[in-house]
Amino acid sequence: MQHTESVWPMYVSLKKVTKQVGRWTTTCWQMDQMVPATQPAPEGATLILLELHRDQRGSYRINLDMDNAMIYIVCDELSDGTWVPAMISADQNVGAACLESDTPVFNVLMPKAIACWIEAFITRHGEVEISAHRRKHVNRRNNDGPSANRPGKMQ
């Protein structure tokens, strides 16, 4: 299965690992493999689409400009405790939102081929201006703004 301009199918597999922590053993999940769907599927792998969206180009740019660009693999946790890969994203906001909602996420270093593909997507659809959302109604140098103009405040 070949990738397109905005979709890259990947096989993702996880492995269950038992670790010794002091006197106790604990079980956790780790990334096993992530390979393009043009290759044979690893045993137990799930086919997931890495899909790019035009409205997330700013987040992709921020991710690509980091020293270690990442891919975020979001998992579903089944009732028996098994983790199953459910989604792949290059948008760090997606990964952060999933972590905040206690959804399992793996951060994987982004392969160069995927980084080039995302770069081409951004170039094809245009760069998005990335700006911090600043509060324009506050001029901190003049101590001006809603909190400085409270009734009863001494001038």
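Modeller: A salt bridge here is a side-chain nitrogen of Lys or Arg within 4 Å of a carboxyl oxygen of Asp or Glu. The model is predicted, so local features need pLDDT of at least 70 and side-chain atom pairs count only at pLDDT 80 or more, while totals for chains, interfaces and linings use all residues. Residues are numbered from 1 along each chain as its sequence is written, and side-chain values use heavy atoms, with hydrogens and water left out.

By this rule there are 4 salt bridges. One of them joins E127 to R61, with 2.8 Å between the closest N and O atoms. E127 sits in the segment after α3 and R61 in helix α1, so this pair ties together parts 66 residues apart in sequence. Helices here are DSSP runs of H or I with at least four residues, strands are runs of E with at least two, and both are numbered from the N terminus.

R61 also forms a salt bridge with E119, where the closest N and O atoms are 2.6 Å apart. That pair links helix α3, which holds E119, to helix α1, which holds R61, across 58 residues. Together, R61, D65, E119 and E127 are linked in a network of salt bridges.

Burial is judged by relative accessible area: buried means under 20%, exposed over 50%, and partly exposed in between (1.4 Å probe, protein chains only). R61 has 11% relative accessibility and therefore counts as buried.

R124 is in helix α3 (residues 112-125) and E5 in the segment before β1, 119 residues apart. R124 is partly exposed at 45%, and E5 is partly exposed at 38%.

Helix α1 (residues 57-65) also contains N63. N63 is buried, with a relative accessible area of 2%. Leaving out residues up to four places away in sequence, N63 touches A69, M70, Y72, A90 and M110, where contact means heavy atoms within 4.5 Å.

The segment before β1 (7-21) also holds M1, which is exposed at 59% relative accessibility. M1, L47 and L49 make a nonpolar surface patch of about 300 Å². Patches are made of residues with over 30% relative accessible area and no salt bridge, like charges being joined within 9 Å and nonpolar side chains (Val, Leu, Ile, Met, Phe, Trp, Tyr) within 5 Å. The areas come from the Shrake-Rupley method with a 1.4 Å probe, and for residues only the protein chains shown count as cover.

As for covalent links, a search of the whole structure finds 0 disulfides, a disulfide being a pair of cysteine sulfur atoms within 2.5 Å. The sulfur of C75 has its closest cysteine sulfur in C98, and at 9.7 Å this is too far for a bond. Both cysteines are buried: C75 at 0% and C98 at 14%.

One backbone detail remains. Most residues other than glycine have a negative phi. D102 is not a glycine, yet has a positive phi of about 60°. D102 lies in the loop between α2 (92-100) and β6 (105-109) and is exposed, with a relative accessible area of 70%.
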